[in-house]
Amino acid sequence: MSFYFCVCVSCSRTLHRHQGGRVDDPFNLCHYLSCVFVMMDRNGTVMLNLGGLIEVDKYRYVYLMFFLLLFVLILCSNCIIICLIWIHRNLHEPMYIFIAALSLNTLLFSTVIYPKLLVDILSHQQRISYSACLVQLFFFYSFGASDIMLLLAMSYDRYVSICRPLQYASTMSTTTVSVFLALSWFVPACLMSAKVVIQSKQKICSSTLGGFFCNNIMVKIYCRLPAYLTVWTSMGLSIMAVIVLFIFFTYFKIFMVAYRSHGEVRKKVVDTCLPHLLVLMATVCLMGVDVILGLLEPVLPKNVQLVLTLQTVVYNPLFNPIIYGVKMKEIRKHLKKMLCCNRVTISKTQVE
């Protein structure tokens with residue numbers, strides 16, 4: 001069983017300021033108490049209700065089959081990309097190493113979301129502890145920012161390869177690739193750690209989240225967030241926007257060089273840069289969807305919120321391996337060989 005624990009002190013000033021009422025007034029007191037309930041379990045752990053899924057009891061098994069199938073597809077497709085790059089020596093190049101890192105990032109990102117989501121679908125109540133929600137928030141945005149950092153590394157790799165081919169071997173050395181990979185995971189993790197620690201110390205006035213996992217709509221559960229945390233978030237978004245603009249500028253320079261070059265360079269640009277550019281545009285669109293959800297969540301219909309939230313956890317994890325598997329020539333070649341070998345093996349087994 002669970003009971004409702006009322007946190008009263010955190011909102012008394014807010015109530016007095018915004019409603020102009022007194023806490024000792026019975027009407028205002030009742031309204032105040034109804035706004036600050038936080039669900040806690042028997043052990044005193046703060047629990048948050050997840051209200052993002054529509055009519056779970058009615059569509060429970062539809063949700064279960066849909067998300068389970070998606071999770072399996074995401075795991076299989078990204079694992080195949082990673083394994084192909086790991087096994088074949090001709091794919092041990094910076095460009096393919098960054099693709100493998102992006103697929104690994106997608107695997108970790110999906111593992112943070114999907115197992116908990118499947119458990120929630122099978123449960124009668126969709127809930128998550130406050131501490132687990134903060135952990136999910138941390139990994140969600142850390143891996144999201146890592147995607148942008150990896151795409152930045154890919155754009156630089158393509159720029160050196162196409163615009164400065166004679167310097168490519170010395171510039172994109174093993175050390176350079178290792179530094180790019182380390183920074184892509186370390187910098188976002190450090191920034192998000194600081195934000196989550198600050199956020200964890202804030203007072204909670206609500207126990208309901210509008211989504212089915214913890215993202216930036218989590219700020220709605222707090223009584224009031226300090227101004228410096230809002231500035232921190234704005235700075236983070238601004239830095240991401242600058243990085244994205246720099247990546248687009250890099251590809252613009254690459255396409256300008258290709259336009260002035262012969263057909264072989266143009267073919268190389270189309271074969272190796274177009275997939276990165278498609279993934280970049282998809283990632284930017286999903287970042288925009290997440291920002292829209294954070295700003296407009298209170299006024300959006302619940303079904304619209306569900307569709308938009310699904311984009312952030314479904315589209316990108318499946319889009320990346322499909323694009324790289326279909327558009328990257330070397331990966332596509334090894335993928336065809338693997339599928340042909342499997343068919344031959346199955347045929348021999350059936351004959352025997």
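Buried here means under 20% relative accessible area. With that in hand, welcome to a predicted model whose largest nonpolar core has 44 residues and in which a search of the whole structure finds two disulfides. Here is a short tour, starting with helix α3.

**Helix α3**
- The buried residues of α3 are Val 56, Arg 60, Tyr 63, Leu 64, Phe 67, Leu 70, Phe 71, Ile 74, Asn 78, Ile 81, Leu 84 and Ile 85.
- At Val 62, α3 bends by about 40°.

**The nonpolar cores**
- Inside the largest core, the residues with the most contacts are Ile 85, Tyr 96, Phe 98, Ile 99, Leu 151, Tyr 324 and Ile 331.
- At least two residues of this core come from each of α3, α4, α5, α7, α8, α9 and α10, and α5 gives the largest share, ten residues.
- Tyr 324 touches Ile 99, Leu 102, Leu 151, Met 154, Pro 275, His 276, Val 279 and Ile 331, leaving out residues up to four places away in sequence.
- There is also a second, separate core of 23 residues, and Leu 64, Ile 74, Leu 117 and Leu 310 are among them.

**Helix α5 and Ser 142**
- Of the 34 residues of α5, 25 are buried, so this helix is largely enclosed by the rest of the structure.
- At 1.5 Å a residue, α5 should span 50 Å, and its end C-alpha atoms are 49 Å apart, which agrees.
- Ser 142 has its place in α5 and counts as buried, because its relative accessibility is 5%.
- The side chain of Ser 142 reaches the backbone oxygen of Phe 138 at 2.7 Å.
- Beyond its neighbours within four places in sequence, Ser 142 is in contact with Pro 188, Ala 189 and Met 192.

**Cysteines**
- Cys 133 and Cys 214 form a disulfide with sulfur atoms 1.8 Å apart; the torsion about their S-S bond is about -115°, so this disulfide is left-handed.
- Cys 133 lies in α5 and Cys 214 in the loop between β5 and α8, so the pair ties together parts that are 81 residues apart in sequence.
- Cys 205 and Cys 223 form a disulfide too, with sulfur atoms 1.7 Å apart, and with 95° about the S-S bond this link is right-handed.
- Cys 205 sits in the loop between α7 and β5, and Cys 223 in the loop between β5 and α8, 18 residues apart.
- Both Cys 133 and Cys 214 are buried, and so are Cys 205 and Cys 223.
- The sulfur of Cys 79 is 6.0 Å from the closest cysteine sulfur, in Cys 83, which is too far for a bond.
- For Cys 163, the closest cysteine sulfur is in Cys 273 at 8.5 Å, again too far for a bond.

Technical notes. Residues numbered from 1 in each chain as written. Predicted model: local features only at pLDDT ≥ 70, side-chain atom pairs only at ≥ 80, totals over all residues. Heavy atoms only, no water. Core = buried A, V, L, I, M, F, W, Y, C linked by side-chain atoms within 4.5 Å. Buried < 20%, exposed > 50% of the residue type's maximum accessible area, 1.4 Å probe, protein only. Helix = DSSP H or I, 4+ residues; strand = E, 2+ residues; numbered from the N terminus. Contact = heavy atoms within 4.5 Å. Expected span 1.5 Å × (residues − 1). Polar contact = N/O pair within 3.5 Å; in protein donor to acceptor, adjacent residues only side chain to side chain. Bend = angle between axes of the 7 residues up to and from the residue. Disulfide = S-S within 2.5 Å.
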